[in-house]
Amino acid sequence: MRLTGVSRGSAWTGLSVSTTLPNPSTRPGLRLPGRVILRADGEDVPVRHIRLGLVTQVEPEDPGSPRRLVQYHRWPIAGRFVVPAGRRRAVDFAVPLPWETPVTMFGGVPLLSLRTGLRTEVSVDPDLDQGEMVPVLIHPLPTQQHLLAALDTLGFVMRQAGFQQGRLPGVEQTLPFQQRLGFWAAPLYAGPMTELEVIMVTTSVGMEVLFWLDRRLSLAGVTHQSISRFRVWHAGADQRDWVATVDGWLRHAIDRHAAAASHADWSATIRESAHVSRHPDQPVAPGYGLGGTAGGAGVGGGGSGGDGT
């Protein structure tokens, strides 16, 4: 599928810009190929540079503020040149996507309202011309795909998805926001928690997973939000028992944070657990807790839990 974004001819630059992606479907860490075509109308147009940028809508840290469009990554693809009057100039590119590029597709369909676009910025003295944004469809890495599929198998239902501005304490991030996927708790886990929020932060070698548990109906009726961190490597992802792994992560997080909440001072509101700044938790054996009723025995023994450092 070929997608093209075309700007309207600019009265003040005399330049039209179109950007074409032969295949808009990609994954984090891969190169995104395409072509930018510029056409000059009545006279020569001197171009200072061409840059590409990934753009999406992000929710601000202030919950009362509206979402805003954020360009979160940019690449220069051309320097100074001149587009002759009545002629076209094509610039080919193949830009590498950041490993933290947020996922917008799962199972071949969009993740709720999440969208990412590629914007073309052409600088023409003394002005700036921007082509229309071209949609980019970000599919999950295998580790992300397996994690989301395991949550679905365990009975979690996605209720919301969004990009939240800001950085997480103790987590290495290169982007100014994080992707958050919210789920209703699966029946098997619905006692200790009512909602689960999942944050995936990926690198070239692995993925850090944050489980944000929200208990609104348990622990004496007091709300308690807590975060657990786990790490998994991309290598060997297809050989891992992901249902057992994720079940082990969930049970470990539920047990640890239930214990922490039972000793908390409820005179003050707990907005998040101090455990967020900890290193990722140590490996958890498959089927951790309650006899492993959801996970069962995993392939490869105790190595199917998250790898801590």
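Because the model is predicted, local features need pLDDT of at least 70 and side-chain atom pairs count only at pLDDT 80 or more, while totals for chains, interfaces and linings use all residues. Residues are numbered from 1 along each chain as its sequence is written, and side-chain values use heavy atoms, with hydrogens and water left out.

**Nonpolar cores**

In soluble globular proteins, nonpolar side chains tend to be buried together. A nonpolar core is taken here as a set of buried Ala, Val, Leu, Ile, Met, Phe, Trp, Tyr and Cys residues joined through side-chain atoms within 4.5 Å. Buried means under 20% relative accessible area, exposed over 50%, and partly exposed in between (1.4 Å probe, protein chains only). The largest core holds 65 residues, and L38, L147, F156, L196 and F211 have the most contacts inside it. A second, separate core has seven residues, including L168, I199, L210 and W212.

Contact means heavy atoms within 4.5 Å. Not counting residues up to four places away in sequence, L147 touches V198, M200, M207, V209, F211, W242, V246 and W249.

**I50 and L168**

Helices (H or I, at least four residues) and strands (E, at least two) are DSSP runs, numbered from the N terminus. I50 is found in strand β5, residues 45–58, whereas L168 is found in the loop between β14 (157–165) and β15 (177–184). The table gives a C-alpha separation for each residue.

| Residue pair | Places apart along the chain | C-alpha separation |
|---|---|---|
| I50 and V124 | 74 residues | 9.3 Å |
| L168 and Q178 | 10 residues | 8.2 Å |

I50 is buried, with a relative accessible area of 0%. Leaving aside neighbours within four places in sequence, its contacts are L38, W75, P76, I77, A78, F81, V91, T120, E121 and V122. L168 also counts as buried, at 7% relative accessibility. With neighbours within four places again left aside, L168 is in contact with Q173, Q178, R180, I199 and L210.

**Strand β11**

Two strands pair if DSSP finds at least two bridges between them. β5 and β11 run antiparallel and are joined by eight bridges; G53 has R119 of β11 as its bridge partner. β11 also pairs with strand β13 (residues 134–138) in the antiparallel sense, over three bridges, with V134 of β13 as the partner of L118.

In β11 (residues 116–124), nine of nine residues are buried. Both faces are covered: one side carries T116, L118, T120, V122 and V124, and the other G117, R119, E121 and S123.

β15 and β16 pair in the antiparallel sense over four bridges, and W184 stands opposite E195 in β16. Eight of the eight residues of β16 are buried. E195, E197, I199 and V201 point one way from this strand, and L196, V198, M200 and T202 the other way.

A cavity is a set of points, on a 1 Å grid over the protein atoms alone, where a 1.4 Å probe fits but cannot get out; lining residues have an atom within 4 Å of a point. Grid points are joined across faces, edges and corners, and a volume is the space filled by probe spheres set on the points. There is one cavity of 30 Å³ or more, and the largest cavity has a volume of about 130 Å³. Of its 15 lining residues, E100, P102, Q179, M200 and V201 are the closest to its centre. β15 and β16 (195–202) are the elements that give two or more residues to this lining, and β16 gives the most, with four residues.

Notes:
On a 1 Å grid over the protein atoms alone, a cavity is a set of points where a 1.4 Å probe fits but cannot get out, and a pocket is an open set with protein on both sides within 12 Å along at least five of seven lines; lining residues have an atom within 4 Å of a point.
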